[in-house]
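Hello,

Here is the structure for you to look through. My notes on it follow below.

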Amino acid sequence: MAGPAQNGTLIYAANINDLSAFYVQLFDMRVIKETDDFISLDKDGFNIIIHVPPFELPKSTFSPIKLFLSVSDMKYTRQEVLKLGG
């Protein structure tokens, strides 16, 4: 894959190596980039980025899993997100 992932899932995890090994071994994903802060995995164009949390994870009302999708027009998308309550 060339360049940053365009669509996929971001997962905040305390132990990125263990979680990465889980997806690699169980789902035959491959590591496409690895740093101290994150590990990027791919399988058939589906990306999972496992990231060290940039802050202490709260125990409640927080999902450590975030979807990310590319859009063609960021300005329009921001306007629509606000209209839709995002």
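Phe22 is partly exposed, at a relative accessible area of 40%, while Tyr23 is buried at 17% (buried is under 20% relative accessible area, exposed over 50%, partly exposed in between, with a 1.4 Å probe and protein chains only). This is a predicted model, in which local features need pLDDT of at least 70 and side-chain atom pairs count only at pLDDT 80 or more, while totals for chains, interfaces and linings use all residues. Residues are numbered from 1 along each chain as its sequence is written, and side-chain values use heavy atoms, with hydrogens and water left out.

The whole structure holds 3 aromatic pairs (rings of Phe, Tyr and Trp, the last by its six-membered ring, with centres within 6.5 Å; planes under 30 degrees apart are stacked, over 60 edge-to-face, the rest tilted). One of them is Phe22 with Tyr23, edge-to-face at 5.1 Å centre to centre and 85° between the planes. Phe22, Tyr23 and Phe27 make up one aromatic cluster.

The open sheet has 5 strands in the order β2-β3-β4-β1-β5, with mixed pairing (strands are DSSP runs of E, at least two residues, and helices runs of H or I, at least four, numbered from the N terminus; two strands pair if DSSP finds at least two bridges between them). β2 (30-34) and β5 (65-68) are the edge strands, each with a single partner, so one side of each has no neighbour in the sheet. β1 (residues 8-12) pairs with β5 in the antiparallel sense over 4 bridges, and Ile11 is opposite Ile65 in β5.

After α2 comes Gly85, with a positive phi near 90°.

Regards
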